[in-house]
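Trainee: Please take me through this structure one point at a time, with the cut-offs stated as they are needed.

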Amino acid sequence: MVEFIAEVSSNHNRDLSRMKEFIYASESAGCTGIKFQLFKIDKLFSTEILEKSETHRKRKTWELPEELIPELADLTNKLGLKFSCSPFYLGAVDILEPYVDFFKVASYELLWLNLFKKCGNTGKPVVFSTGMATTDEVENTLGCLFETECQEITILHCNSAYPTPIEDANLKKIETLNTLIHSIEKPDGISIKVGYSDHTVSPAVLYRTIHHYGVDMVEFHLDLDGKGEEFKAGHCWLPEKIEGVIKNINEGIKSDGHGEFGPSKSELPEREWRSDPIDGLRPLKGIRNSFEK
């Protein structure tokens, strides 16, 4: 089973009703989880940047009100979805711990090992993206998590360009990640999976990611109606588009079957209509005389 995680990011517009619409839309589209982001601008960007950049200061209006998190988590879980939220400051981990089913750390925070330590020491699963990262940086992050209480890790291949040109998606890096996790020495009891975080908004890329590379998780940015803060950048899916992709992917996976030889239930009526080994004619001799129009 592939997990599909809808990333709301800053498209919620600080509107609780709109946030709930995202949760319902994610469930309807076939997602298994939904993710928000918890940040405060003055804990995300340095003073030097905020003093110089009005653009960054205006992102204050993108902040998720932390008091809404319990209600969002409750609705998400009632619909049978996993609830997650990316922490962008250490205190956010404490706020989120009672409510999230897993922590997701963004690619821009990959070097901040203290954040990984705090997430990992909650004992909850940790998912992290590898956009812009080197192999050494990924190994350092894993080594950090190995020293915590975290037992379930998912590494998401991604490109941190918003949007990502298809030619830069570099899906073969998924193979590289799989090689890495099978070669790295890890403590007993820890599971590591590989997934993909999408910024291409390309159905072809998602089909390739799952059917060829066999990832366990796909994260994608979602908007409801093109009115979210991040939609104009070009990396967000709309519900009707992603719903069709998820449905097709799940149908494709369903066709895998069990791999054993032998007739399927739907083939059974045809077995006696094969060529008889004695004369090469159809059907088998045993049913020829009993045949009726």
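Mentor: We begin with accessibility: a residue is buried under 20% relative accessible area, exposed over 50% and partly exposed in between, with a 1.4 Å probe and protein chains only. The model is predicted, so local features need pLDDT of at least 70, side-chain atom pairs count only at pLDDT 80 or more, and totals for chains, interfaces and linings use all residues. Residues are numbered from 1 along each chain as its sequence is written, and side-chain values use heavy atoms, with hydrogens and water left out.

Trainee: Is Lys58 buried or exposed?

Mentor: The limit for the exposed class is over 50%. Lys58 has a relative accessible area of 52%, so its class is exposed.

Trainee: Which residue forms a salt bridge with Lys58?

Mentor: A salt bridge is a side-chain nitrogen of Lys or Arg within 4 Å of a carboxyl oxygen of Asp or Glu. For Lys58, the closest N and O atoms of the bridge are 3.7 Å apart.

Trainee: How many salt bridges does a search of the whole structure find?

Mentor: Arg18, Asp223 and Asp225 are linked in a network of salt bridges. The search of the whole structure gives a total of 12.

Trainee: Are Glu219 and Lys104 buried or exposed?

Mentor: Glu219 forms a salt bridge with Lys104, with 2.9 Å between the closest N and O atoms. Glu219 belongs to strand β8 and Lys104 to strand β4 (residues 102–105), 115 residues apart. Both residues are buried.

Trainee: How many aromatic pairs does the structure hold?

Mentor: A pair of aromatic rings is described by the distance of the centres and the angle of the planes. Rings of Phe, Tyr and Trp (its six-membered ring) pair if their centres lie within 6.5 Å; planes under 30 degrees apart count as stacked, over 60 as edge-to-face and the rest as tilted. The number of aromatic pairs in the structure is four.

Trainee: What kind of pair do Phe36 and Phe83 form?

Mentor: Phe36 lies in strand β2 (residues 33–38) and Phe83 in strand β3 (residues 82–87), so the pair ties together parts 47 residues apart in sequence. Phe36 is buried at 0%, and Phe83 is likewise buried at 0%. The ring centres are 6.0 Å apart and the planes lie at 35°, so the pair is tilted.

Trainee: What is the geometry of the pair formed by Trp273 and Phe291?

Mentor: Trp273 is partly exposed, at 36%. The centres of the two rings are 5.5 Å apart, with 80° between the planes, and the pair is edge-to-face.

Trainee: Which element gives the largest share of the lining of the largest pocket?

Mentor: On a 1 Å grid over the protein atoms alone, a pocket is an open set of points where a 1.4 Å probe fits, with protein on both sides within 12 Å along at least five of seven lines, and lining residues have an atom within 4 Å of a point. The largest pocket holds about 700 Å³, where grid points are joined across faces, edges and corners and a volume is the space filled by probe spheres set on the points. Of its 31 lining residues, Gln37, Arg59, Phe88, Tyr108 and Tyr162 are the closest to its centre. The largest share, three residues, comes from α2.

Trainee: Which element gives the largest share of the lining of the second largest pocket?

Mentor: The second largest pocket has a volume of about 250 Å³. Its lining has 14 residues, with Glu3, Lys82, Glu152, Thr154 and Lys193 nearest the centre. Two or more residues come from each of β6 (152–158) and β7 (191–198). The largest share, three residues, comes from β6.

Technical notes:
Helix = DSSP H or I, 4+ residues; strand = E, 2+ residues; numbered from the N terminus.
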